[in-house]
Amino acid sequence: MKIVVLKGSPRKNGNSSWLADQFAKGAAEAAHEVVAFDCARHNVGDCLACNACGMNGPCVQQDDFASLRE
């Protein structure tokens, strides 16, 4: 199973980040494919609901979401 862990705390070494890391570690040990993405460290804009992407195409916003979407 592919799992994406979204971390959003501004504290890089805070409790929430630690818990997310422990979850990711456990999932990886259980043979899942895990990708962690730290939203607080990337530029990801809110969805504009413009439907330009058609839910399958590229977003009109030029931000870091494209790297996560892959």
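Where is the place of Asn51? In this predicted model, Asn51 sits in the loop between S2 and H2. I shall return to that loop after describing the chain as a whole.

Let me begin with confidence. The mean pLDDT of the chain is 91, and 100% of its residues reach 70 or more. Among the elements, helix H1, residues 15-29, has the highest mean pLDDT, at 96. The lowest mean value, 82, belongs to helix H2, residues 65-69.

I turn now to the overall architecture. The chain contains two helices and two strands, and along the sequence these follow the pattern β-α-β-α. The radius of gyration is 14 Å, whereas the globule rule gives 11 Å for 70 residues; the chain is therefore more spread out than a compact globule. Along the principal axes, the C-alpha trace spans about 40 × 30 × 15 Å.

Of the 70 residues, 19% count as buried. The chain exposes about 5500 Å², and carbon and sulfur atoms supply 54% of that area. If we take the contacts with a separation of 6 or more, 48% of them join residues 24 or more positions apart.

Is Asp38 buried or exposed? Its relative accessible area is 16%, which is under the 20% cut-off, so Asp38 counts as buried. Leaving aside residues up to four places away in sequence, Asp38 touches Lys7 and Ser9.

The second topic is a nonpolar patch on the surface. Which residues form this patch? They are Val4, Leu6 and Val35, and together they have about 260 Å² of accessible area. Val4 belongs to strand S1, residues 2-7. With a relative accessibility of 48%, Val4 counts as partly exposed, because that class lies between 20% and 50%.

Finally, I return to the loop between S2 and H2, where Asn51 and Met55 are both located. Asn51 has a positive phi of about 65 degrees, although it is not a glycine. Met55, likewise a residue other than glycine, has a positive phi near 70 degrees.

I thank you for your attention.

Key: Residues numbered from 1 in each chain as written. Predicted model: local features only at pLDDT ≥ 70, side-chain atom pairs only at ≥ 80, totals over all residues. Heavy atoms only, no water. pLDDT = per-residue confidence, 0-100. Helix = DSSP H or I, 4+ residues; strand = E, 2+ residues; numbered from the N terminus. Buried < 20%, exposed > 50% of the residue type's maximum accessible area, 1.4 Å probe, protein only. Contact = heavy atoms within 4.5 Å. Patch = residues over 30% accessible without salt bridge, like charges linked within 9 Å, V, L, I, M, F, W, Y side chains within 5 Å. Areas by Shrake-Rupley, 256 points an atom, 1.4 Å probe, with all protein chains shown as cover. Salt bridge = Lys/Arg side-chain N within 4 Å of Asp/Glu carboxyl O. Rg over C-alpha atoms; globule rule 2.2 N^0.38 Å.
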